[in-house]
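Welcome, and please load the model in your viewer. We will go from one selection to the next and look at what is there.

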Amino acid sequence: MTENRLAPRYGQPDIEYFRRMAETPPDRDGPVFMVNLMKYREVADYADGRGDIRSGREADNEYTPAEILRDIGAEIVFAADVERQLVGETPKWDRIGIVKYPSRKAFIKMQTRQDFRAKHVHKEAGMERTIVIACLPMPVPELPEPPTVTCAEGDRPFVMMHVMKYGEAGPAGMAEYSATAGAAGIALGVRPYVRLRAERTAVGDGRQWDEVHFNRFPNHAIFDELRANQTHKAGQPVRKGALEDSYSLMLIPIIDRLAAAIRD
């Protein structure tokens with residue numbers, strides 16, 4: 001695998017991390033979850049100048065290497081459209097995808113396959129920006145199931161995703177935030193879904209991240225109620241002090257077996 005092959009237009013690979021993954025001894029390797037934040041080109045831009053016109057999203061849909069993933073024991077375990085971006089101005093992400101690989105070495109092996117490279121031209125054409133974060137599961141607080149909520153017409157459940165880089169107050173600050181503002185959400189029926197620890201940004205813009213959290217909301221009305229909650233509002237300065245950088249994304253899942261894949 002050459003460095004040239006690891007230089008797509010949509011992001012900068014961490015060459016040293018790719019080497020570490022390739023050289024990980026089997027007894028220290030194991031499942032890894034690759035979290036993909038994706039921003040599409042409005043119109044796909046193929047390097048060979050082909051004349052067919054399609055959107056960046058359509059090109060990326062054609063790229064999706066589901067059969068190749070199955071062949072190496074990997075699986076797309078989460079895919080969602082970004083309905084709304086609440087925190088983090090740029091880029092404006094379009095879709096989130098998470099692939100569970102049986103090992104880091106399997107992820108590297110896929111990059112060398114000829115059938116993968118043939119499909120990759122579609123991702124190269126359709127993707128404007130991406131961040132790929134290699135993650136490992138973290139414990140999730142065990143809470144009782146929330147009461148069933150009836151959604152008003154046009155409303156629906158969603159998943160809130162937080163991509164976080166800790167700042168000065170760090171995890172202790174987030175724990176303080178969770179004990180107050182987070183508890184207000186729990187009381188309304190919001191539930192922690194999945195917690196992931198970032199091992200390294202495999203492809204991106206030079207930024208590193210610490211954790212990726214997913215919370216389930218019963219509906220958008222609950223979200224609006226939480227935003228208006230005074231305890232939740234009072235906790236926002238604590239959250240800001242805990243984080244150096246973050247994205248908060250409201251997601252509508254298309255594929256969702258993330259929690260099940262962690263248990264497998």
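**First stop: a helix pair**

Select residues 170–188, helix α6, and residues 230–242, helix α8: they pack at an angle of about 165 degrees, with their axes 8 Å apart. That makes α6 roughly antiparallel to α8 (a label for angles over 145 degrees). Axes here are lines fitted to C-alpha atoms, for helices over the stretch in contact, and angles run from 0 to 180 degrees between N-to-C directions. Helices are DSSP runs of H or I with at least four residues, strands are runs of E with at least two, and both are numbered from the N terminus. This is a predicted model, in which local features need pLDDT of at least 70 and side-chain atom pairs count only at pLDDT 80 or more, while totals for chains, interfaces and linings use all residues. Residues are numbered from 1 along each chain as its sequence is written, and side-chain values use heavy atoms, with hydrogens and water left out.

On the α6 side, pick Gly170, Gly173, Met174, Glu176, Tyr177, Thr180, Ala181 and Ala184; on the α8 side, pick Thr231, His232, Gly235, Gln236, Val238, Arg239 and Ala242. This contact has six nonpolar, seven polar and two charged residues. Ala, Val, Leu, Ile, Met, Phe, Trp, Tyr, Cys and Pro count as nonpolar, Asp, Glu, Lys and Arg as charged, and the others, Gly among them, as polar.

**Second stop: the largest pocket**

Next, centre the view on His162, Met174, Tyr177, Asn215 and Arg239, the closest to the pocket's centre among its 40 lining residues. The volume of this largest pocket is about 1000 Å³. On a 1 Å grid over the protein atoms alone, a pocket is an open set of points where a 1.4 Å probe fits, with protein on both sides within 12 Å along at least five of seven lines; lining residues have an atom within 4 Å of a point. Which element gives the largest share of the lining? Helix α6 does, with ten residues.

Select Tyr10, Tyr63, Phe116, His120 and Lys123, the closest to its centre of 45 lining residues. Helix α5 (114–126) supplies the largest share of this lining, seven residues.

**Last stop: a cis bond**

Finally, zoom in on Thr90 and Pro91, joined by a cis peptide bond with omega of about -15 degrees. Pro91 sits in the loop between β3 and β4.

Key
Angles under 35 degrees count as roughly parallel, over 145 as roughly antiparallel, 65 to 115 as roughly perpendicular and the rest as oblique. Contact means heavy atoms within 4.5 Å. Grid points are joined across faces, edges and corners, and a volume is the space filled by probe spheres set on the points.
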